[in-house]
Amino acid sequence: MSQIQSQQSESVIVDALPYIDHGYDEPGVREAALAMVEEETRRYRPTKNYLEHLQAMNLAAFETPMMKKEFDRLAARQPMDTLSMKRYELPTPPAGKMTDIQAWNECVDNSMAQLEHQRTRILNLELMLEYGGESWKVYNEVLVDMLNKVQTQLSEVKKDIQEVNWTRKNQQTQVGEKMKQLEGEWVGLVSKNYEIEQALLNMEAEYETLKKHHEKSTASVETKT
C-alpha cells in the first residue's frame with residue numbers, strides 16, 4: 001500500500017500540449033504566468049521533504065587525511081605553513097662542537113644525502129626530457145579516446161531526446177486532431193441544446209397564449225349562456 005502511495009505521489013500529471021496549444025507568445029501571457037508562479041512561490045510552504053527518497057550526501061567521502069587537516073586549518077582560520085627550506089640547508093656543527101669529529105661526520109653525511117637527492121632530481125629531469133614526450137602522447141591518445149566515447153554517448157542521448165520529442169509531437173498532434181473533432185461535436189451539441197431550449201421556450205409561450213385565449217373563449221361562451 002505504501003509503495004502504491006509513493007508511486008502516486010511521484011507521478012506527474014501533464015496538462016499542457018505545447019505542440020497544440022497556442023497563445024503563449026501573445027503579449028502579457030509570459031508576464032501573467034511568471035506572476036502566478038511568483039505568487040504561488042511566495043505563499044507556498046512545503047510540508048514534506050521531497051528528497052527523503054535519496055540517500056544523505058556524504059560530503060567527506062573523498063577527503064584524504066591531508067585534505068581533512070587542511071579543512072580543519074581553514075575552519076580554525078589559521079595561516080598556512082610557509083615552505084620549509086631546512087632540508088636544503090648544510091649547517092656546520094654548533095659552536096661548541098667545532099672540534100668534534102662525530103659532529104663533522106654528521107654534517108658530511110647530510111651533505112652527501114643532499115647531493116644524492118639533487119642528483120636523483122637531475123636524473124628524473126633527464127628521463128622526463130627523453131621519455132616524457134612519448135608519455136604525454138600516450139596520455140593525449142587516452143584523452144582523445146575518452147573524448148570520442150563521450151561524444152558518442154552525447155550523440156546517442158541527443159538522438160534519444162529527438163526521438164522522445166518526435167514521439168511526443170506525433171502523439172500530441174494526433175490527440176489535437178481528436179480534441180478538435182470532439183470540440184466541434186461539443187459545440188454542435190451545445191448549439192443544438194440551445195436551439196431545443198429556445199424551441200421549448202417558444203412552445204411554452206405559445207401554450208400560454210393558447211391557454212389564455214381558450215380561457216377567454218370559455219368565459220365568453222359561459223357569459224352568453
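Is Arg73 buried or exposed?

1. Arg73 is buried, because its relative accessible area is 13% and the cut-off for burial is under 20%. The model is predicted, and this is a computed value.

2. Arg73 belongs to helix 3. That helix spans residues 65–75 and has the highest confidence in the protein, with a mean pLDDT of 92.

3. The side chain of Arg73 makes a polar contact with the side chain of Glu70, at 2.3 Å. Leaving aside residues up to four places away in sequence, Arg73 touches Gln78, Pro79 and Met80.

4. Arg73 also lines the largest pocket.

5. Overall confidence: the protein averages a pLDDT of 85, and 92% of the residues score at least 70. The lowest value belongs to helix 1, residues 2–10, with a mean of 48. Within residues 4–9 the pLDDT is below 50, and this stretch has zero contacts in the model beyond near neighbours in sequence. Where pLDDT is low, predicted coordinates should not be read in detail.

Conventions: Residues are numbered from 1 along each chain as its sequence is written. This is a predicted model: local features need pLDDT of at least 70, side-chain atom pairs count only at pLDDT 80 or more; totals for chains, interfaces and linings use all residues. Side-chain values use heavy atoms; hydrogens and water are left out. pLDDT is the predictor's confidence in each residue, from 0 to 100. Helices (H or I, at least four residues) and strands (E, at least two) are DSSP runs, numbered from the N terminus. Contact means heavy atoms within 4.5 Å. On a 1 Å grid over the protein atoms alone, a cavity is a set of points where a 1.4 Å probe fits but cannot get out, and a pocket is an open set with protein on both sides within 12 Å along at least five of seven lines; lining residues have an atom within 4 Å of a point. Buried means under 20% relative accessible area, exposed over 50%, partly exposed in between (1.4 Å probe, protein chains only). A polar contact is a pair of N or O atoms within 3.5 Å; within protein, one must be able to donate a hydrogen and the other to accept it, and residues adjacent in sequence count only if both atoms are side-chain atoms.
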